[in-house]
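Keep the sequence and the 3D view side by side as you read.

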Amino acid sequence: MAPWLTVVGIGEDGFSGLGKQARRALLGAPTIFGSPRQLALLPRCVVGQRQPWPSPFSLAPVLARRGEPVCVLASGDPMFYGVGASLARQVPAEQMQVLSMPSSCALAAARLGWPLQEVQVVSGVARPLAALNAHLYSGVRLLVLSNDGDSPTAIARLLCERGFGPSRLQVFEHLGGAAERCLSGTADAWPAGSSAALNLVAIDCQAAPDTPRLSPVSGLPDSAFRHDGQLTKRDVRAITLARLAPQPGELLWDVGAGCGSIGIEWMRAHPSCRALAIEADEGRQGFIEFNRDQLGVPGLQLIRGKAPQALAELERPDAIFIGGGVTGEGVLPVCWERLRPGGRLVANAVTLQSELALAQFREANGGELTRLHVAQAQALGSFDTWRQALPITLLEVVKPVDA
């Protein structure tokens, strides 16, 4: 089938900045979808029916015209955090042609002299701003797609709260148009007030000297989490994450999540990793909500309930971690049954009863048991000695592909 859908990227310079192919497509289109701002950029010679997107936003009006000639307007590069990417999930590539312009990030990188391949891009459009926390490291350069005119001030405030007040911000308004403007300053001296609704924030990240060091590698300091003592400690957590082996796009169940540390570090491993934290205690549920935002993974989904009852309707996972409750009736069998074939189950035990449960499960299903001993040097009078933490028994088992 010949392409019936044409997606045209348009910049701040409007119709005059488009190439011949894009102008020809718009001039011949019987129907054109776009935002009111984008549709207003079209001159009178474009006579097709102009259809603003519905509110709330939906692709349904475009998809309902499948097979008819339709044009869709998008900002800059439609396949870069744009409507083109959304349409491509529902329209085969051979039925759609995309005519791109430079993205706002490409324009900003050109203005700044930043090699685009060395810059991290974060979208704040209709997304929690807390996701920015996962990208804050000294020396990193970020381009943040703003949600609105209040975003730059909110970003500056977040940077200060995280100890990145010295970071340099540059806010680009109306990139590529006659009204283009750049505002610059540091986060800790950023003035209150709104910018133009259409803006992009460039951040040259710089931490203050006393800012805690949070590595992207698993095994964050225990102090990075708010908890009540129910926390998989740092060294054990790092080993547990290594056994869980997160890969892009995979889903984890963190069962008996406590403060959510395993699920949070799973999601920090890659932007596309997902996690469900199952926790029955209300106080710890609050810890999970706080920690996921502070550590930049607001997308971690909290399931308020107790296993195994709370697991019944959840999406089947690629990996499961059980940090507490392995002796609970039905927890291990239900988790094993719901785990995807080829998935990994890792469980930690401290008590004799929970160790016995893991040993019995291993006898029936295979896997590997590992005993972990961690000791820390602590004062004993005027000397130092080793203080042994409770030993941890770790079960790792992979579900057979044909199970």
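How many disulfides does the count come to? The count is 0 disulfides. Keep in mind that this is a predicted model.

Start with Cys-45, which is in no disulfide. The nearest cysteine sulfur belongs to Cys-71 and is 13 Å away. A disulfide needs two cysteine sulfur atoms within 2.5 Å. Cys-45 is partly exposed, with a relative accessible area of 46%. Now turn to Cys-205. The closest cysteine sulfur to that of Cys-205 is in Cys-160, 12 Å off, which is too far for a bond. Cys-205 is buried, at 1% relative accessibility.

Next, find helix 6, residues 151-161. Which of the residues of helix 6 are buried? They are Ser-151, Pro-152, Thr-153, Ile-155, Ala-156, Leu-158 and Leu-159. An α-helix has 3.6 residues a turn, so residues three or four places apart point the same way. What covers the buried residues of helix 6? The cover includes strand 7 (141-145), strand 8 (168-173) and strand 10 (199-204). Just after helix 6 comes Gly-163, with a positive phi of about 85°.

Now for the charged side chains. The model has 15 salt bridges. One of them joins Arg-237 and Asp-222, at 2.7 Å from N to O. Arg-237 sits in helix 7 (residues 234-244), while Asp-222 sits in the loop between strand 10 and helix 7, so the pair ties together parts that are 15 residues apart in sequence. Are the two partners buried or exposed? Arg-237 is buried, with a relative accessible area of 0%. Asp-222 is partly exposed, at 24%.

Move on to Glu-315. The side chain of Glu-315 meets that of Arg-274 in a salt bridge of 3.0 Å, N to O. Glu-315 lies in the loop between strand 13 (301-304) and strand 14 (319-322), and Arg-274 lies in strand 12 (residues 274-279), so this pair links parts 41 residues apart in sequence. Both are partly exposed: Glu-315 has a relative accessible area of 39%, and Arg-274 has 36%.

Glu-315 also forms a salt bridge with Arg-340, where the closest N and O atoms are 3.8 Å apart. Arg-340 is in the loop between helix 10 (331-338) and strand 15 (344-349), so the pair ties together parts 25 residues apart in sequence. Arg-340 is partly exposed, at 32% relative accessibility. Shared partners join Arg-274, Glu-315, Asp-318 and Arg-340 into one network of salt bridges.

Note on methods. Residues numbered from 1 in each chain as written. Predicted model: local features only at pLDDT ≥ 70, side-chain atom pairs only at ≥ 80, totals over all residues. Heavy atoms only, no water. Buried < 20%, exposed > 50% of the residue type's maximum accessible area, 1.4 Å probe, protein only. Helix = DSSP H or I, 4+ residues; strand = E, 2+ residues; numbered from the N terminus. Contact = heavy atoms within 4.5 Å. Salt bridge = Lys/Arg side-chain N within 4 Å of Asp/Glu carboxyl O.
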